[in-house]
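Have a look at the picture, then read on.

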Amino acid sequence: MWWWVLIWTMLVVVAAAYLVARLWGLWGQVKELTAETERAGRTLSALEAQVDRLGESAPPQPIAVFQDPRDLRRHRATTRADLRAQRAARRAGRLPLWARDVD
């Protein structure tokens with residue numbers, strides 16, 4: 001009958017050792033999380049100070065849904081024309097001399 005007491009004692013000791021090992025690992029993770037949180041807080045403070053130093057940001061652009069469609073079409077057309085001209089200039093710079101237009 002005494003061997004049942006020995007088995008149960010061993011089970012309790014093994015369970016306690018397992019719990020201690022898990023708690024030790026959890027404590028290490030909590031320390032790492034705390035250090036990372038402090039680092040993130042310092043970074044956020046530095047960023048907020050930088051934003052304050054740079055001043056107020058530009059006002060946000062109005063949502064396109066609430067603007068006049070004719071103005072938006074004109075803006076889109078001018079933007080596309082500008083981009084097309086930039087692409088043409090880049091493309092002309094890459095062409096060999098014999099393939100370029102003579103102006």
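A salt bridge here is a side-chain nitrogen of Lys or Arg within 4 Å of a carboxyl oxygen of Asp or Glu. The structure holds 3 of these salt bridges. Before we visit them, some ground rules. This is a predicted model, where local features need pLDDT of at least 70 and side-chain atom pairs count only at pLDDT 80 or more, while totals for chains, interfaces and linings use all residues. Numbering runs from 1 along each chain as its sequence is written, and side-chain values use heavy atoms, with hydrogens and water left out.

**The overall build**

What is the chain made of? There are 2 helices and 0 strands, counted as DSSP runs from the N terminus (helices are H or I with at least four residues, strands are E with at least two). The radius of gyration is 34 Å, well over the 13 Å that the globule rule gives for 103 residues, so the chain is more spread out than a compact globule. That radius is taken over C-alpha atoms, and the rule is 2.2 Å times the number of residues to the power 0.38. Along its principal axes, the C-alpha trace spans about 105 × 45 × 30 Å.

How much of the chain is buried? Of its 103 residues, 0% count as buried (under 20% relative accessible area; exposed is over 50%, and partly exposed lies in between, with a 1.4 Å probe and protein chains only). The chain exposes about 10,200 Å², and carbon and sulfur atoms supply 66% of that. Such areas come from the Shrake-Rupley method with a 1.4 Å probe, and for residues only the protein chains shown count as cover.

**The salt bridges**

Side chains of opposite charge can pair when their charged atoms come close. Here are the pairs, with their N to O distances.

| Pair | Distance |
|---|---|
| R39 and E36 | 2.6 Å |
| D68 and R70 | 3.4 Å |
| D71 and R74 | 2.8 Å |

R39 and E36 both sit in helix 1, 3 residues apart, or about one turn of the helix. R39 is partly exposed at 43% relative accessible area, and E36 is partly exposed too, at 40%. D71 and R74 are separated by about one helical turn because they are 3 residues apart in helix 2. In the remaining pair, D68 is partly exposed at 27%, whereas R70 is exposed at 54%.

**Patches on the surface**

Patches are made of residues with over 30% relative accessible area and no salt bridge; like charges are joined within 9 Å, and nonpolar side chains (Val, Leu, Ile, Met, Phe, Trp, Tyr) within 5 Å. R76, R80, R84, R87, R90, R91 and R94 form a positive patch. One of them, R87, lies in helix 2 (residues 69-94) and counts as partly exposed because its relative accessibility is 39%.

A nonpolar patch of about 1,200 Å² is made by M1, W2, W3, W4, L6, I7, W8, M10, L11 and V14. M1 lies in the segment before helix 1 (2-54) and counts as exposed, at 73% relative accessibility.

**The loop in between**

Where is Q61? Q61 has its place in the loop between helix 1 and helix 2, and it is exposed, with a relative accessible area of 75%. The C-alpha atoms of Q61 and E38 are separated by 35 Å, with the two residues 23 apart along the chain.

Methods: Lys, Arg positive; Asp, Glu negative; His and termini not counted. Charge placed at Lys NZ, Arg CZ, Asp CG, Glu CD.
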